[in-house]
Structures are given as C-alpha cells and as structure tokens.
Amino acid sequence: MPDSDQAPKDAPRSPFAGCLILIVMAVVILVLVSSAAYFLKKQTDAYKTFTEEEAKPAPVADPKAHETEFNSLVNRLRHFNHEVNNGRAAELTLSAQDLNLAIAHFEVLKSYRGQFHFEKLTDSEISGTIHLPFNSTSKLPGFVRSSLGIESRDNNLNGTFTGTPLLTDGKLILNVSEITPSKGEIPEELLSGISRFLISGELEQKAEDDPKNIPELLKTLRKLTSIGLQNETLVFAYSPDSKPPSVKEESDAMATKAKQLVALGAVIFILTMILFFILMSRRLKAKRAAAQSS
C-alpha cells in the first residue's frame, strides 16, 4: 500500500500554455513586421513627392579661380586664430564666397562639398543651394520592393534653403528653417528631423576619437564668444571678457532656478498653513471664551 505522506505526482502539463506563448510571439512579430513595412512604404512614397532621381550637387567653388579672395581668407583666418590664442579681442567676417571657398579647401568641411553652396547672407538669415541624397530604394531586397509595390529609384533632394547660424558649447551649427525642393514640398516632420547640421562635426569626431589631441580649429571654436549676421557677412567674435555661449549652462541655470522656485513655493505653502492653523486656533479659543462668559 503506498505511503499516505508521499507527495502526489505532478499533474501532466497542458500543451495549451506553450501553444499560447508561441501564438502571442507570432502575433507580436507579425505586428512589428507589418508596422515596419507600413512605415517603409509610407516613407518611400513620401520621398517620391519631393525628390528627384537625378542628383544635382550644389556648386563647389574653385580656390584657384579666386586666388586673391582665397589668399585673403587664409590670411584673415590665420590672423584671427593668432589673436584668439593670445587672448586678444578679435573679429572675423566671412562673406558667402568665403564660406564656399572654405568648404572647397578645408578637409574638415569636405562632407559639405556638393551639399551646400551659399549664395546670400543678410542680417537675419543665410540662403543658398542644397543637395541631400536620401537612401535609394534600389538597395532594398527585390522581394521587399515587389511585395510592397515600391519603385526602384534614387532619391535626391535638390533645391534651395534658408537658415541661421548657431554657436553653442564650441559647436558650429546651421539651423535650416526652410527648404524649397525643385519638386514638390518637403513634409514638415521630415524637415524638423534634418534641420540641424553640425558643421563642426568632423572636428568633434576627431576630438572624441583622440581626446588628447584636440584639433586647433576646435579649440578656437570653443573660445569664441559670439556669432552673428551683419552687413551681408557671417561674423565670428572673441572677447576675453565674455564667456562662450552655452546651451547646457543656460539649461542648467533654468533647472536650478526652477528648483529654487519649487523650494520657495513649498516654504510659502508651509508658512501659509502654519499661519492658517494659528488663526484657526485663536478663533476657536475666542469662541470658547465667548461661550464660557455667556
């Protein structure tokens, strides 16, 4: 006769639980794949409305064809860098042609050759020609294109732009506020995603790769105290009495101020409640005294 204290054997497991897990996993994978396919199709269809198959790179300046202007640019850059490194106030003005020559000559700006060509600088904005090559759908697998009905084509954004310069935390940024394609209209959500160009990106990358050997040009950028547009030129300035602009410091200062305001609000609330209880206590005492005297 079996021992009555012996633990009963485990009941056989139902295969339903395992099947249910597999079904849920399959549904999740199906939803993810379907979502990816939907957004891919939506993106490629959107590209067709404002891009062209033909690439039309922005013009690239030829320093040899503008030797006088180019030599002037190099000399002004050298003088400005010397003054900044020696802690003396200095200012550097660059015209649209200077910017184009800089892109054509300096290796750290080579990624912008054929991408930007500056044509006009006003007191409020920079404008010019832009060329941005987007991903070609021809790189997608054939079965993906056929199943989603995606046309095999190159997608090139060719057109004009307007923007403003920004200098913060040693980074030189071009904020593009408007792009006018040669075909169609660029969606607002896409423009917001590509509107900031880190012009000093190559320098930043070199500094990250080798922190002990920061490029001299980046060191100079990090010392600059202002940037602006004036008299159809881009003006870089350095003042030994001013601090370089910093979004991080401004955001930290705002966060600190917000914390101080919250703390002040808490103190005011606590003092108000204490005063309220004191007044209520006095009022109750007065009522009791009036009741006893009557």
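What follows is a short exchange on how terms are applied to this predicted model.

Reader: How do you know which parts of the model to trust?

Author: By pLDDT, the predictor's confidence in each residue, from 0 to 100. The chain averages 84, and 79% of the residues score at least 70. Strand E2 (residues 116-121) is highest at 97, and helix H8 (residues 247-293) is lowest at a mean of 61. Residues are numbered from 1 along each chain as its sequence is written. In this predicted model, local features need pLDDT of at least 70 and side-chain atom pairs count only at pLDDT 80 or more, while totals for chains, interfaces and linings use all residues; side-chain values use heavy atoms, with hydrogens and water left out.

Reader: What makes residues 249-255 a stretch to handle with care?

Author: Their pLDDT stays under 50. The model gives them 1 contact beyond four places in sequence. Contact means heavy atoms within 4.5 Å. Where pLDDT is low, the predicted coordinates should not be read in detail.

Reader: What are the helices and strands here, and how many does the chain have?

Author: They are DSSP runs, numbered from the N terminus: helices are H or I of at least four residues, strands are E of at least two. The chain has 8 helices and 8 strands.

Reader: Which residues of H2 are called buried, and on what grounds?

Author: Buried means under 20% relative accessible area, exposed over 50%, partly exposed in between (1.4 Å probe, protein chains only). In H2, Phe70, Leu73, Phe80, Glu83 and Val84 are buried. They cover an arc of only 160° around the axis, which puts them on the same side of H2. The arc is that of the directions from the helix axis to the C-beta atoms. Exposed Glu67, Thr68, Arg78 and His79 sit on the face turned away from that side.

Reader: What covers the buried residues of H2?

Author: The cover includes strand E1 (90-94), helix H3 (96-105), helix H7 (216-223) and strand E8 (233-238).

Reader: Why is Lys183 called partly exposed?

Author: Its relative accessibility is 33%, so Lys183 counts as partly exposed. Lys183 lies in the loop between E5 and helix H5 (188-193). Leaving aside neighbours within four places in sequence, its contacts are Lys48, Thr49, Phe50, Thr51, Glu52 and Arg153. Thr51 is 132 residues away along the chain, yet the two C-alpha atoms are separated by 6.6 Å.

Reader: What makes E4 and E5 a pair?

Author: Two strands pair if DSSP finds at least two bridges between them. E4 and E5 (residues 171-181) have 10, in the antiparallel sense. Gly163 stands opposite Val176 in E5. E3 (residues 126-134) also runs antiparallel to E4, joined by 9 bridges. There, Ile126 stands opposite Gly163. In E4 (residues 155-168), 10 of the 14 residues are buried.

Reader: What is meant by a nonpolar core, and which residues touch the most other members of the largest one?

Author: It is a set of buried Ala, Val, Leu, Ile, Met, Phe, Trp, Tyr and Cys residues joined through side-chain atoms within 4.5 Å. The largest has 47 residues, and Phe118, Phe161, Leu174 and Ile179 touch the most other members. H3 gives the largest share, 6 residues.
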